[in-house]
2 protein chains.
Amino acid sequence: MILDGKAVSNKILEKLKDKIEKFSIKPHLVVILVGDDPASKIYVKNKKAAAEKVGIRSSILELNSSISEEELLGKIKDLNRDPDVTGILVQLPLPSHIDKNKVVETISPKKDVDGFTPENVGRLVIGLEPYFYPATPQGIIMLLDEYGIQLEGADALVIGRSNIVGKPMAQMLLRRNATVTQAHSYTKSLEDKIKTADIVVSAVGKKIVRCKMVNKNSVIIDVGIFRDANGKLTGDVDFDLISPEVKYITPVPGGVGPMTIASLMYNASKVYH
Amino acid sequence: MILDGKAVSNKILEKLKDKIEKFSIKPHLVVILVGDDPASKIYVKNKKAAAEKVGIRSSILELNSSISEEELLGKIKDLNRDPDVTGILVQLPLPSHIDKNKVVETISPKKDVDGFTPENVGRLVIGLEPYFYPATPQGIIMLLDEYGIQLEGADALVIGRSNIVGKPMAQMLLRRNATVTQAHSYTKSLEDKIKTADIVVSAVGKKIVRCKMVNKNSVIIDVGIFRDANGKLTGDVDFDLISPEVKYITPVPGGVGPMTIASLMYNASKVYH
């Protein structure tokens, strides 16, 4: 059965729109774009479009790639202080002369719609309520919940340990009482681990979940998205061969991608003072 | 082979003493004790004694159990500001009218020798250097390293998910490139998971790792410590039956306990300004 991220995302965005319509002051998301990476430009434009669709005000702060780290941190501090700005999102990657960690650390946890600051990550881990959950893992949980997939007691395998997906995904599954294994490039016998897991979240960016590695009750969540040799968008999972073999699977595109947008907009609609 | 926490701890404390002897200004640890729980009193006294042994100044701030939350938070803020205080440790548990999380959150991350604040936990998870690593997991890593036990690529099972041991332990093993599974009360087939793991860290507080559950290459780390029906100190692991079956095992007492003290003193020796 296909987990239809596109449909669930649309449903969430509709609800969000209705909710925000009733707000007397609309949330205001500022997206910072440093330099002119074409892919980043598209992502930023899409986020702005999604925000506008649900009634969130949004601005793009375009900065020259030659901006100094200090100047960028200064801009973020200004936005932290600005009561009219309710969310700040820095589009990655940043130019190499800028320390990404310093940038992320500077964003106020109460405006950190990506949920990447140490304070929000720490709260996620120790069981306090973070101001924002990271968008992609939160979107995946929303999708699993929509289909009533049981997380409590499930053996979940998270492949990949990025700060954006793998690590927060593991924490969010753990909070829902799954038994979580975090796998990565040093992991041995990955095939066996995939085969025996109830839920597999793959966030690697290359073909890694192939035929015969799954079981008939597997729930397969494919976070990877990249172009194959023929230029076709594809994910970590060999979808055509695997989809008949498992219980649930997300397609690429149309699975995790739209859920990430819905989840990000859910975050951007939250206002802390 | 027995992992001799007592011996390794003494070695670390000796080195620490030599190092601190050369400091012109000695670190100053303040331990906050609220109420008069007898076990807490003993723990606090032991921490003070360990600090003094290695040349760390230490004070115990004894507070009446009737202290209000606000007043306690005020005391912590005073200590945060006091340049003569380099480390702050709040002995748990706290009286029920005080929110433990608020207390932990109030400690400055740069004086948080327990490594429990959201900022330090977040840094641990996202791969930044925390100011302090949580004492028990750090002590366990020190012990594993002392015996040259390979962590990279090892299948590690952490049983328990407390903020003090289980969760930071998983993160520290992950940072060392182990494949980490976090198990807890909802975990199914725990026996099989113990049997197939290379490294098992049990932090539950009841007898959970028994005979026939291990393999001959298992490394078993027992964090549990409690008194059995006969009043004898024991751990999560059935030591007498299991120790002949595995490669490495920690005894209780004399394993993780002394390593926690060494690790805490290592933290208390660090000074941030």
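Strand 6 (residues 199–202) of chain A pairs with strand 7 of chain A in the parallel sense, over 4 bridges. The model is a predicted one, in which local features need pLDDT of at least 70, side-chain atom pairs count only at pLDDT 80 or more, and totals for chains, interfaces and linings use all residues. Residues are numbered from 1 along each chain as its sequence is written, while chains are lettered from A and ligands numbered from 1 in the order in which they are written.

Within that pairing, A:V201 has A:I221 of strand 7 as its bridge partner. A residue counts as buried if 20 or more other C-beta atoms, placed from the backbone, lie within 10 Å of its own.

Elsewhere in chain A, strand 4 (residues 155–159) runs parallel to strand 5 and is joined to it by 5 bridges. One pair in this arrangement is A:I159 opposite A:A183. Strand 5 (residues 179–183) of chain A is in turn joined to strand 5 of chain B by 3 bridges, and these two strands run antiparallel. Here A:Q182 stands opposite B:V180.

Taken together, 10 strands form an open sheet with mixed pairing, in the order 10(A)-7(A)-6(A)-4(A)-5(A)-5(B)-4(B)-6(B)-7(B)-10(B). Its edge strands are strand 10 of chain A and strand 10 (248–249) of chain B, each of which pairs on one side only.

The contact between the chains takes 25 residues from chain B and 25 residues from chain A. Residues are in contact if their C-beta atoms, placed from the backbone, lie within 7 Å. On the chain B side, helix 5 (118–126), helix 7 (166–175) and strand 5 (179–183) each supply at least two residues. Helix 5 of chain B gives the most, with 7 residues.

Helix 5 (residues 118–126) of chain A meets helix 5 of chain B, with axes that come within 7 Å and cross at roughly 95°. Axes are lines fitted to C-alpha atoms over the stretch in contact, and angles run from 0 to 180 degrees between N-to-C directions. The two helices are therefore roughly perpendicular, a label given to angles of 65 to 115 degrees. Among the residues making this contact are A:V121, A:V125, B:V121 and B:V125.

Helix 7 (residues 166–175) of chain A is mostly covered, with 9 of its 10 residues buried. The buried residues include A:K167, A:M169 and A:L173. Just after this helix, A:N177 takes a positive phi of about 70°.

The largest nonpolar core has 158 residues, of which A:V200, A:V201, A:M265, B:V200, B:V201 and B:M265 touch the most other members. Such a core is a set of buried Ala, Val, Leu, Ile, Met, Phe, Trp, Tyr and Cys residues joined through C-beta atoms within 7 Å. Leaving aside neighbours within four places in sequence, B:M265 is in contact with B:L13, B:L16, B:A50, B:A51, B:V54 and B:I56.

Key. Two residues are in contact if their C-beta atoms, placed from the backbone, lie within 7 Å. Two strands pair if DSSP finds at least two bridges between them. A residue is buried if 20 or more other C-beta atoms lie within 10 Å of its own, exposed if 12 or fewer, and partly exposed in between; C-beta atoms are placed from the backbone. Angles under 35 degrees count as roughly parallel, over 145 as roughly antiparallel, 65 to 115 as roughly perpendicular and the rest as oblique.
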